[in-house]
Amino acid sequence: MSISNALNNAASGLAASARLADTISNNVANAMTPGFGRRTTELSSVALGGFGSGVKVMGTGRTDDPFLTAERRGMDAALGATGTRSDAYERMLAAFGDPGSAGALSTLATRLETTLMSATASPQSVPKLAEAVTAAKDVAAAVNRIAAENSRLRTEADAEINRQVTQVNDALKAVQDINRKIANLEPQGVDTSALQDERHRIIDGISSIIPVRTVKRDGNQVAIYTANGAPLLDGRLFALSFQPAPNVVTADMTLGAPLGRLMQDLGASTGPVPVDMGTGAGLMDGGSLSALFEVRDRIVPEFDAEMDRYANDLIERFRDLMPPAALDGSGNGLFVDRSPGPLTGLAGRLQVNAAVDPAQPGGAVWRLRDGLSAAAPGNEGFGTYLEALSDAMVDPRNPVGFVSQNAANGSATMASEIASFFAGRAARSDEDRAYLNARQAVLAERETHAIGVDTDGELQSLILVEQSYAANARVLTVVDTLMKLLLEA
């Protein structure tokens, strides 16, 4: 009985060592695989009749650290939101132009100021008049360019919202399918660690879009909720929906009129219900999806509105501060609204009065000197209207409605103040992004250390497995020798 028991013990030890070697080799092979959780094989001693009867493999499981994973996913969401906002600010400021660069609005406004002064000093010089008109057209074109870029930003944000909603729904459906597979396979004793790895990776893909937390359910399944408590998957799928804008998003479009909002199917008889996004306190706020709503509905529209106010200031200062005789027959000044309408969207409609634009029918640069309604060139030495234009450009007007202005300023200074104000917001967003990026890297490293593969540790374990295997093999050899002696006796 003792010899046969020793044989059984050694055989079970060999089997356990082989299983451990298989687990270690799998870990080492997947050391660089994203989302791979280190496998651990659990062993248990076996007793029979009060005596040791070898070792039993209890199973192989996936290492997990729910707390660290939740912390890292929360940081993924925060980083996704901040990155989305920073990218938007970067594009807005790029359209505005870096201070001092040739195409920057503030630079062009300063150039208009200097060319008007130069024309005032030499009213008889047609080239100087032409330079002033060109400078005015460049300012109008820059304001139009910024408005167009703002429209593109909002349009792209709207399309990206739709893409991310589709991505989240697809990911939730994939997790739901994996949950079902795990529920079917685990009762059969099948190792589902690979499926759990895949589920982990899929949920990671959601976490930067919407901050999520997972809840363990029976059968090694998981439910998914947002960090603020909205259900996404718990047995059934709570699908999201979004209706993208059919065409280009323009300055006059707002949430619900006609821009779409996020909806969720919570099983209500009335259909999907609206979800507040981009407020900072919504049930799904905190990730890139909510930040896209912020970009589309708040950040870019605020910048757009500031540009509309700047365009309106240009129209008013070159109309209200000019002698009536210097205006055109409709009472307009140097800048006009291309198709008169509300203040919203004015930046996209700003243009130079056709009366001074040689590219327009009947336009002539000398009207800058002689008055916009002049039928023929006047006295070449007349500089009163040019002086009034120059004074209007630098006149410190009260910045009614502006969010970027704290004091009355001339037009070029106003442009610089707008750039500085939004550059400050961009800088703060970039600082947040840098901090969160560093924090996320630290948490990701800690999570990898906790659940990932340490190849040095695995190789050390492999040495122990090798020694155990050799020892059990030696026991078998000894038992074999004893059996032969017994048979030869």
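The model is a predicted one, so please read every value here as computed from its atoms.

**Helices α2 and α4**

- Start with helix α2, residues 66–96, which packs against helix α4, residues 126–185.
- The angle between the two is about 160°, and their axes are 9 Å apart.
- Angles over 145 degrees count as roughly antiparallel, and α2 and α4 are therefore roughly antiparallel to each other.
- The crossing of α2 past α4 is right-handed.
- On the α2 side, the residues that meet α4 are Ala88, Arg91, Met92, Ala95 and Phe96.
- They meet Arg145, Ile146, Glu149, Asn150, Arg152, Leu153 and Glu156 in α4.
- Sorted by class, this contact of α2 with α4 has six nonpolar residues, one polar and five charged.

**Helices α3 and α9**

- Helix α3 (residues 105–121) packs with helix α9 (residues 411–451) at an angle of about 175°, and their axes are 8 Å apart.
- That angle makes α3 roughly antiparallel to α9.
- From α3, the contact uses Leu105, Ser106, Ala109, Thr110 and Glu113, while α9 brings Ala412, Ala415 and Ser416.
- The contact of α3 with α9 counts four nonpolar, three polar and one charged residues.

- Strand β1 covers residues 39–48 and strand β2 covers residues 51–62; they pair in the antiparallel sense over nine bridges.
- If you look for Thr41, you will find its bridge partner in β2, namely Thr60.
- β1 and β2 form a hairpin with two residues between them.
- In the turn, Gly49 has a positive phi of about 65°.

**The four-stranded sheet**

- Four strands make an open sheet with antiparallel pairing, in the order β3-β4-β5-β6.
- Its edge strands are β3 (212–217) and β6 (236–237), each of which pairs on one side only.
- Inside this sheet, strand β4 (residues 221–226) and strand β5 (residues 231–234) pair in the antiparallel sense over two bridges.
- Tyr225 has Pro231 in β5 as its bridge partner.
- Helix α4 comes back into the picture here: α4 lies across β4, β5 and β6, and runs at about 155° to β4.

**A backbone angle to look at**

- Most residues other than glycine have a negative phi.
- Asn220 is not a glycine, yet its phi is positive, at about 60°.
- You can find Asn220 in the loop between β3 and β4.

**The three-stranded sheet**

- Another open sheet has three strands in the order β7-β10-β11, again with antiparallel pairing.
- The edge strands here are β7 (240–241) and β11 (273–275), and each pairs on one side only.
- β7 pairs with strand β10 (residues 262–264) in the antiparallel sense over two bridges.
- The bridge partner of Leu240 in β10 is Gln264.

**Aromatic pairs**

- There are six aromatic pairs in the structure.
- One of them joins Phe242 and Phe293 edge-to-face, with 5.9 Å centre to centre and 90° between the planes.
- This pair links distant parts of the chain, as its two residues are 51 residues apart.
- Phe242 is in the loop between β7 and β8 (254–255), whereas Phe293 is in helix α6 (residues 288–320).

Key
Residues are numbered from 1 along each chain as its sequence is written. This is a predicted model: local features need pLDDT of at least 70, side-chain atom pairs count only at pLDDT 80 or more; totals for chains, interfaces and linings use all residues. Side-chain values use heavy atoms; hydrogens and water are left out. Axes are lines fitted to C-alpha atoms, for helices over the stretch in contact, and angles run from 0 to 180 degrees between N-to-C directions. Angles under 35 degrees count as roughly parallel, over 145 as roughly antiparallel, 65 to 115 as roughly perpendicular and the rest as oblique. A crossing is left-handed if the near helix is turned anticlockwise from the far one by less than a right angle, and right-handed if clockwise. Contact means heavy atoms within 4.5 Å. Ala, Val, Leu, Ile, Met, Phe, Trp, Tyr, Cys and Pro count as nonpolar, Asp, Glu, Lys and Arg as charged, and the others, Gly among them, as polar. Two strands pair if DSSP finds at least two bridges between them. Rings of Phe, Tyr and Trp (its six-membered ring) pair if their centres lie within 6.5 Å; planes under 30 degrees apart count as stacked, over 60 as edge-to-face and the rest as tilted.
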